[in-house]
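Keep the 3D view open while you read.

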Amino acid sequence: MSKPLQTLSPLKAVQQRVPAGLSRIVTLTPAPAIDRVYFLDRMVEGHVNRATRVETYLAGKGINVARALSLAGNVAIAVVPINDEDLELAEGSESVRNKVFKTVGVTAATRVNAIIVDTDGATTNFNENAAPLTAEKWQQLCDATLDEVKRVQADWLVLGGSLPVDSSTGREVDPGRLFRAAHQQGVSTCLDTSGETLKAWASSATPVDLVKPNREELAEITGTALRTMRDVVFAANVLRQRGIRTVLASLGSDGLVAVNEHGVLWARGPSARVLNTTGAGDAALAGYLSALPHSSAAPYSTEVVCEALARAVAWGALAVQEATTILPRVVFSPAGISVSAPDPDYVLSR
């Protein structure tokens, strides 16, 4: 096993001084959801199950990322299409809404996702499909997002979650124009989605600087069986050949791997007690982006990427220990996390 490139300094809580060089990030979640989380002692299939408690909140990849970044003191705006009634129901806090959210009004009800969480950490999700958008409403969303990018002088634009269907064509909305316009403003772009959507838009025609697939998603989109670290790096480079600048692969208990034109880095930390895995990838992405301010300064140094990966692992670990996707805190320069060049023969956990 290769030696770590860097041992990171001791953990500092977010309540202490926030590091200099904060990120400025705008996210777009075109298919937000109201997550209804049911907590059970134990779920038994085919029987009546009674929840010990239920929590309801507004969620979606871009929303989760923006929340975590804002908690760490970064400038983070989440653009969402939602009607006022659903926003008030899900968020319940005027101050939080005004600080983080930029809303574009729609008439359709927000989809509702049911999340079942056992005390043993098993998480079961039931997700509704997003309501279709008209071409005009999609254009309005893109314009509002670009306005926010310009207003806050964003370093990154993150398009998160599934893409709704264009009601006039029956096909997914096209994010290409949005990403091209962001690039013209000197903004780095992240496409945080999965499956056929990621496969369709992870190409040279759509300028994407960063994607964050998990192990299953990376295997599916590249058609590669991922058994060793060598397989992971190979699959990541398959995506990079399609025009992606950086692939940040989330490997669960095996950590995170970042692959770009400058090399490969692997970050791992101590095992965490898993309570709820929903939103852990969003927290990891937020941690990674929190250490990458000033897109014009890219390519980032190895030290900066090491810090970004360490935060990603730490924030992801915090997320799985929380009952919901809303982090109560974040950490900077976390202890106990190694960042190294990966051993290509390392066998991934089952």
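Strands here are DSSP runs of E with at least two residues, helices are runs of H or I with at least four residues, and both are numbered from the N terminus. Two strands pair if DSSP finds at least two bridges between them. This is a predicted model, where local features need pLDDT of at least 70 and side-chain atom pairs count only at pLDDT 80 or more, while totals for chains, interfaces and linings use all residues. Residues are numbered from 1 along each chain as its sequence is written, and side-chain values use heavy atoms, with hydrogens and water left out.

Start with Trp266. In β17, its bridge partner is Ser340. Trp266, in β15, is also the bridge partner of Val257. β14 and β15 form a hairpin, with two residues between them.

| Strand pair | Bridges | Direction |
|---|---|---|
| β14 (256–260) and β15 (263–268) | five | antiparallel |
| β15 and β17 (338–340) | three | antiparallel |
| β8 (111–118) and β9 | four | antiparallel |

In general, strands of a sheet pair through backbone hydrogen bonds, either parallel or antiparallel.

The last pair in the table belongs to an open sheet of four strands, in the order β5-β4-β8-β9, with mixed pairing. Its edge strands, β5 (53–59) and β9 (123–126), each pair on one side only. From one strand to the next, the twist averages 20 degrees (axes are lines fitted to C-alpha atoms, for helices over the stretch in contact, and angles run from 0 to 180 degrees between N-to-C directions). Within β9, Thr124 is the bridge partner of Ile116.

Now for the gaps. On a 1 Å grid over the protein atoms alone, a cavity is a set of points where a 1.4 Å probe fits but cannot get out, and lining residues have an atom within 4 Å of a point. Grid points are joined across faces, edges and corners, and a volume is the space filled by probe spheres set on the points.

How many cavities of 30 Å³ or more does the structure hold? There are two.

Technical notes: 1 Å grid on protein atoms, 1.4 Å probe; cavity = no way out; pocket = protein on both sides within 12 Å on 5 of 7 lines; lining within 4 Å.
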